[in-house]
Amino acid sequence: MKFLFLPVSIGLGLVAGLVGKKIFEQAWGLIDDEEPPDAKHREISFPKLVVALLFEGAIFRLVKGLTDHGARRGFARMTGVWPGEEAPEPE
């Protein structure tokens, strides 16, 4: 059953990436009037690039994590099987 979750996970991961990108663009508009710097831009402020990349990464990780966990909960409700580990491994 767990292998059936893979296409769901991939599809929702793509959607989460798009949603995260839109959220970042909207949030960056509140920080700066210019578009967010990108590593491919030649003339950018290095500190501004670092802040943008950290902010973008945090938003992406948050949206992806919440989407993934929600999808797993829904899958488990529908199938009765949790597609993943039950709890973190103890150290």
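Mentor: A helix here is a DSSP run of H or I with at least four residues, a strand is a run of E with at least two, and both are numbered from the N terminus. The model is predicted, so local features need pLDDT of at least 70 and side-chain atom pairs count only at pLDDT 80 or more, while totals for chains, interfaces and linings use all residues. Residues are numbered from 1 along each chain as its sequence is written, and side-chain values use heavy atoms, with hydrogens and water left out.

Trainee: How far apart are the end C-alpha atoms of helix α2?

Mentor: Helix α2 runs over residues 46-79, which is 34 residues. The expected span of a helix is 1.5 Å times one less than its number of residues. For α2 that should come to 50 Å, and it agrees with the separation in the model, which is 48 Å.

Trainee: Which residue just after α2 takes a positive phi?

Mentor: Helix α2 ends at residue 79. A positive phi of about 80° follows just after α2, at G80.

Trainee: Which element is included in what covers the buried residues of α2?

Mentor: Buried means under 20% relative accessible area, exposed means over 50%, and partly exposed lies in between (1.4 Å probe, protein chains only). In α2 the buried residues are L49, A52, I59, V63, A71, R72, G74, F75 and A76. Their cover includes residues 5-31, that is, α1.

Trainee: Which residues are in contact with A52, leaving aside its neighbours within four places in sequence?

Mentor: Contact means heavy atoms within 4.5 Å. A52 is one of the buried residues of α2. With sequence neighbours within four places left aside, the contacts of A52 are F24, W28 and P37.

Trainee: How many residues apart in sequence are the parts tied together by the pair of F5 and F75?

Mentor: Rings of Phe, Tyr and Trp (its six-membered ring) pair if their centres lie within 6.5 Å; planes under 30 degrees apart count as stacked, over 60 as edge-to-face and the rest as tilted. The whole structure holds three aromatic pairs. F5 and F75 make an edge-to-face pair, 5.3 Å centre to centre with 65° between the planes. Because F5 lies in α1 and F75 in α2, the pair ties together parts whose distance in sequence is 70 residues.

Trainee: Which residues are linked by ring pairs into a cluster?

Mentor: F24 and F55 pair edge-to-face, 5.9 Å centre to centre and 65° between the planes. That pair links distant parts of the chain, with F24 in α1 and F55 in α2, 31 residues apart. F24 is buried at 4%, whereas F55 is partly exposed at 29%. The cluster linked by ring pairs consists of F24, W28 and F55.

Trainee: What separates E25 and K21 in helix α1?

Mentor: A salt bridge is a side-chain nitrogen of Lys or Arg within 4 Å of a carboxyl oxygen of Asp or Glu, and the count is five. E25 and K21 form one at 3.8 Å, N to O. E25 is partly exposed at 34% and K21 is partly exposed at 45%. They are four residues apart in α1, so their separation is about one helical turn.

Trainee: Is E34 buried or exposed?

Mentor: E34 meets K48 in a salt bridge of 3.4 Å, N to O. K48 lies in α2 and E34 in the loop between α1 and α2, so the pair ties together parts 14 residues apart in sequence. K48 is partly exposed at 24%. E34, at 52%, is exposed.

Trainee: Which residue meets R72 in a salt bridge?

Mentor: R72 is among the buried residues of α2. The salt bridge is 3.0 Å, N to O, and the partner is D68.
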